[in-house]
Amino acid sequence: MVKKTGRVIVSIIIMLTMLAAFLPETAAADEPSYRFGTETLYSTFTPGQTLTDSFYYSDDWFFEDPGVRNDSLALLSMQLTAAAVDGEGGSGISMLTDLGFGECGCYGYGSEDPDGCSYAWGKKEISSGGETFTLVAVAVQSYAFDKLSKRIGWTQNFRVNADAPTDEHFAYQTAVNAVIDSVAGLAGPGKVKYWIMGQSRGGALANLLAAELPGKLSAADSSIYAYTFEAPAVINGSAASVNAGDFGYIHNYLCSDDIVTMIPPWGMVHYGTDFILNSPEVDEKMPGELGKLGSEASSILEEYSGETVSSMAADLMNDLTAAIPSREDYTAGHTDTFTMEDGSEITISYIYQELFMKLMGIIFSDSTEEIDTSGIADQLEGLVPAVRALVKGASGESDSCYYSAAKELSSFLTTVNITLPLSDDDLYAILKLVGPRIVDLSYAPDVDSVPDEEVLGFITPLITLISSLKSVTFSHQFDTLVARLKALAPAPEIGSLDITIQAPAAGDYAPLAPSYVVDYVKSLGNDWMSAEAGWKGTDDPLPDNRVCYLDITLSVTGAGVPEDFAFTLNGTAPVEPVKIVYENGTYKISGTWAFTFGDPQTFTVSFDTAGLTETPEAVPVLAGQQLKYAISPVSYDTVAYQDKNWKFTGWFNEEGMPWDTLFAESDMTLYAKWIWLIDAVKATVPIPHVGEPFKDPAVPEGCGYHVEEAEFYSEDWKEATEAAEGTVYIASFVVYCDSDDIRFLQETNEYESCTYLGSLFINDEEQTYNIYDGRAAELACEDDGRYMHVTYYFEPLPAEEIVPTQDPAPTVKPAPTVKPAPTGNPAPTGNPAPTAVPVPAEETDPAGNNAPAALGYTVVSGADSVWTKGSKDPVTMTIKRSIDDETCFSHFAGVLVDDAVLALENYEVRPGSTVITIKSAYLETMSTRKHAVVASFNDGKAETSLTINAAGSSKVPGGNTGDPNRPKVWIGILIAAAAAVVLLFVLLRRKKKF
């Protein structure tokens, strides 16, 4: 009996040891015990998207000192905040239930109370050391999808002051006063602990609620754990209560590049302790965490710069406090009196707080959804007077300029059928406040001298802000906060695992071993872990004399899994490395084990390369072995065979199955699969005479590719059906491979797009003008090289003359060959190599005389261009040839600037007749003066000038700075030019970020 009892005790000890081995490594006796799970949180980066994330939680956290910051509790607080956002608490109630809160509810969701504070809550009992407490969780609503909640929230943000001065933010304090008694009433009798959380405006409300709640609780030993995120300030920094240091239990997580945390200014602060979340160490890990979340916020990481956003936010706040230096000024009455140009006296009175609250009512009004803004971009020229007046006001000329801008803006909005409940006086006050920030006074020294089409250039600061809005708000998003907190407080990691089961044997019921695995994992008692298992490549019962494989996949939810996780079965290592994949909050850990039953037969695997290269030696394999574990067949680089290049794509059996999916059931042969790589594409584009229709391009018979989707356009990309005189045309077509066993020679870059590496011949001329470094730059090789897009520029041939029948038929001069690119060495930037300017050659005139013909080259557009530094547009000029202009491009030799050959990378050239485009990057390097420019041809030259002006200089009338038909600026420019109200109205209405 003693011996039996001893064996039982030993067995229990062994079982407990196995259980402890798989618990998170941090879960020692004096560490928290964890609950793990997944939850649904809402993305604010992509409104309407939900994200599945894992969480970990411990009741033990609430028996620690609330004054010590707990990053793990902060992470869970932000996750719960991001879940409890929509009607009736949304997924927040579900998450509270998963955390063990037995009594849950919500308050105020969907309320129309302008002083509202909505929250989700839960209650449960927690115990430690013989003490029992009621834990009350309160997640203040921080984001809402409906306009009503948004309007209430944003009105609260801007209602900082009451009629009489108070230390606290008036609207926040009013909202908290309305709910604090009901929140305190959740505790009930006995000892209580409160867990309070919120983000943005919800964070501000949570901050005030946590600060004032102790005065409402009866139990002397009650405690509060409060965590806020990106919260605006709530109280004057000079308030004695803030300086008393009694609020160490409130932890405020802030990102230094979030302007929301900087408002209201005027020395206002938070209760408690602030912690800067966006440290270099955290941000280094953030991309990986965003990827696990599946958040689209990861898409802007390459363009995101926290330093830039911080600087911009600081500038905005400096401008705001310069205009409104104190809380008193914010609600003080302001009166401006000025004289207009017509001599009339204007007096305007305004209060900034009332103005901002009015704006919030407009921005989030349901009626704004009915406003059609689709056609505004085509009428932006109507903003020119408003922008001119705004610039003059920002330069300090007179307040009357702001009023003129307001009147012009009001007139423009009426013209485009937009009606907003803002008076001219309202618009004046807004423009005066934001004018210095949205106007770039360095754009030009005199706004009156700038042509109408360039006036909008003065508002580039706001255009830049609009274009980078997602970067500006990046740190304020739920997605980013959760990712940063997960980087700061990673989940406790599981330890290594050895699954112990009864070893399988030949003749066993096949599902028996997998069921052992599943049952063993269940026996560990972890509801956050499960297993799936099954045999691969075998039938029931388990066969003798062969190799079989057991696949096992563990699912681990909430806990972390280290990259070097060890996964064994009965003490043996897996045959293949463990694969770890994170999907929807759960780690999938998979491994495969090989079992050899009896004495397996040996088979032979042979190889067949179709004669393209040397055949590898045959290899032996065991019966039942999966080939990917048994052999490592040779692979090949591209092989030249019978004047063609062949790409090796793998080994396959006769049925086309990949070699690494096969099991050894008998002797077998693997066949090398080859793809023909086409490295020279030839096409004929029939060149029509003037007045003739276009004909589709053709390719040689049996070439391995064909043409589809042929279209013809004029040089401005208008579709054309027949050729007109004096027009450059573009043939656009797609060349497709004839089968899946043929590809174009191509290279794939880091963005998974392809570039054709071979040669392209059109009309027997190699297209060198669009080739650099051996690549055809204008060819887009896509879909793994199956097809490519081709664009070909050409001019039509002269119209054929109709000869009277009674006259002898004249000898027809052969049509000149159209050469879209000069022959010779390819130019690295798509241009032919320049040469020194040659002496014009003499030609025989059409009559056969020996006198020189009147040959010359003329700049027909873009002559004497003027370019201002800071412009993004290139300079383009077109040159025509006086004789046989259709051959103009074939004579092109290069460009000289001030008698020096212009480097190839600084310009582009194309036919039509000859069009030269000098790149803006090179123009920026040129000195500010007039330069001599020569277009060189092998039988002449064309001369012109190019004047470079300093940044801010006016454009000389008649000068050419590139494409005169600039695209219309999108609606955001209208918003920026108009005023902050229109900016907020259109931009925030569409973005719906805050």
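Where does Asp764 lie? In this predicted model, Asp764 sits in the loop between E31 and E32.

| Residue | Phi | Relative accessibility | Class |
|---|---|---|---|
| Asn763 | near 55° | 15% | buried |
| Asp764 | near 65° | 76% | exposed |

For Asn763, phi is positive although the residue is not glycine, and Asp764 likewise has a positive phi in a residue other than glycine. Asn763 counts as buried because its relative accessibility is 15%, and the cut-off for that class is under 20%. Asp764, at 76% relative accessibility, counts as exposed, for which the cut-off is over 50%.

Another backbone feature to look at is the peptide bond joining Ile263 and Pro264, which is cis with omega about -15°. Pro264 is found in the loop between E9 and strand E10 (268-269).

Now to the chain as a whole. The protein chain holds 22 helices and 45 strands. It has 994 residues, of which 50% count as buried. Among contacts with a separation of 6 or more, 69% come from residues 24 or more positions apart.

Of its 12 residues, 11 are buried, so H6 is largely enclosed by the rest of the structure. Those buried residues include Arg201, Asn207 and Leu209. They pack against three strands and helices you can pick out, including strand E5 (131-140), helix H4 (147-158) and helix H5 (170-185). Strand E6 (192-199), strand E7 (223-229) and strand E9 (250-254) are also among the packing partners of the buried residues of H6. As for its length, the 12 residues should span 16 Å at 1.5 Å a residue, and the end C-alpha atoms of H6 are 17 Å apart, which agrees.

Finally, a helix pair. The axes of helix H12 (residues 384-394) and helix H13 (residues 399-415) come within 7 Å and cross at roughly 160°. Angles over 145 degrees count as roughly antiparallel, and H12 and H13 are therefore roughly antiparallel to each other. The crossing of H12 past H13 is left-handed. On the H12 side, the contact involves Pro385, Ala386, Ala389, Leu390, Lys392, Gly393 and Ala394. H13 contributes Cys401, Tyr402, Ser404, Ala405, Glu408 and Leu409. By class, this contact has nine nonpolar, two polar and two charged residues.

Terms used: Residues numbered from 1 in each chain as written. Predicted model: local features only at pLDDT ≥ 70, side-chain atom pairs only at ≥ 80, totals over all residues. Heavy atoms only, no water. Axes fitted to C-alpha atoms, helices over the stretch in contact; angles between N-to-C directions. Helix = DSSP H or I, 4+ residues; strand = E, 2+ residues; numbered from the N terminus. Parallel < 35°, antiparallel > 145°, perpendicular 65-115°, else oblique. Left-handed = near helix turned anticlockwise from the far one by under 90°. Contact = heavy atoms within 4.5 Å. Nonpolar A, V, L, I, M, F, W, Y, C, P; charged D, E, K, R; others polar. Expected span 1.5 Å × (residues − 1). Buried < 20%, exposed > 50% of the residue type's maximum accessible area, 1.4 Å probe, protein only.
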